[in-house]
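Hi,

Here is the structure I said I would pass on. Have a look at it, then read on for what I found.

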Amino acid sequence: MVDVDDVISCFRENRDPTPEIQALSDSLNQESIRICLELNTRYNTPEEIRAIMSRLIGKPVGEGFRMFPPFQADFAKNITFGKDVFVNSGCHFQDQGGITIGDRALIGHNVVLATANHDIRPGHGHRLTYAPITIGNDAWIGSNSTILAGVTIGEWSVVAAGAVVTKDVPPYTVVGGVPARVLKEIPHDERERLDFPKH
């Protein structure tokens, strides 16, 4: 009998799924749609949002997790949130390849995290391939940005609004544009973490 870990392994290794794995994957996709509708079509308190998101991803969200719905995840069971993460409204996580978001990261409005890609070679039938996205501690992903499969965003980095990120972003770096390029580095004396009061 197959389980969620078998489906995730299949994605990670870019293997063709067995009929059993495909059936479970399809079922989990439908579960994600159902739970996201529960999240997005009525008012939920912050505590209820954390409970729904924990059910959606199949494990507890990090301590201090906050979100403004709506939110959509394709698969949902391959997302990990660190502590004190904030996700703003309208985000879409295509998480089959795995999405890891570090402590205190900020995700702006309408951000797309896309871990899937298509093989564009003729004769390959647009076969899906997957690669993980990692967002480091204290990173800030600006509104309407898109992060593509296989990208790592370093700690304390900033992705400017509207950017399309196709390559890794080093720590302490600001990137922007389509495709994103380095705009500046964050000076060393500005890297110290400030302990702002929690709201």
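Below are my notes, going from the whole protein down to a few single residues.

One thing to keep in mind from the start: this is a predicted model. The protein is built from 3 helices and 18 strands. Its radius of gyration comes to 17 Å, close to the 16 Å that the globule rule gives for 199 residues, so the protein is as compact as a globular protein of that length. Of the 199 residues, 40% count as buried. The protein exposes about 10,800 Å², and carbon and sulfur atoms supply 56% of that. As for contacts with a separation of 6 or more, 25% of them are between residues 24 or more positions apart.

Now the inside. In soluble globular proteins, nonpolar side chains tend to be buried together. Here the largest nonpolar core has 38 residues, and M53, F71, F81, F93, I101, I135 and I153 are those with the most contacts inside it. Several elements supply at least two residues each, including helix 2 (19–40), strand 2 (71–73), strand 3 (79–81) and strand 11 (133–135). Helix 3 gives the most, with 5 residues.

What about the cysteines: how many disulfides does the structure hold? The count is 0. Take C36: its sulfur is 12 Å from the closest cysteine sulfur, in C91, and that is too far for a bond. C36 is buried, with a relative accessible area of 0%. C10 is buried too, at 3%.

Two loop residues are also worth a look. Q96 sits in the loop between strand 5 (91–94) and strand 6 (99–101). Is Q96 buried or exposed? With a relative accessible area of 10%, Q96 counts as buried, because the cut-off is under 20%. Setting aside neighbours within four places in sequence, Q96 is in contact with F11, D74, F75, N78, T115 and Y130.

G64 is in the loop between helix 3 and strand 1. G64 is partly exposed, with a relative accessible area of 32%. Not counting residues up to four places away in sequence, G64 touches D84 and V85. G64 and Q22 are 42 residues apart in sequence, and their C-alpha atoms are 34 Å apart in space.

Cheers

Key
Residues are numbered from 1 along each chain as its sequence is written. This is a predicted model: local features need pLDDT of at least 70, side-chain atom pairs count only at pLDDT 80 or more; totals for chains, interfaces and linings use all residues. Side-chain values use heavy atoms; hydrogens and water are left out. Helices (H or I, at least four residues) and strands (E, at least two) are DSSP runs, numbered from the N terminus. Buried means under 20% relative accessible area, exposed over 50%, partly exposed in between (1.4 Å probe, protein chains only). Contact means heavy atoms within 4.5 Å. A nonpolar core is a set of buried Ala, Val, Leu, Ile, Met, Phe, Trp, Tyr and Cys residues joined through side-chain atoms within 4.5 Å. A disulfide is a pair of cysteine sulfur atoms within 2.5 Å. The radius of gyration is taken over C-alpha atoms; the globule rule is 2.2 Å times the number of residues to the power 0.38. Accessible areas come from the Shrake-Rupley method with a 1.4 Å probe; for residues, only the protein chains shown count as cover.
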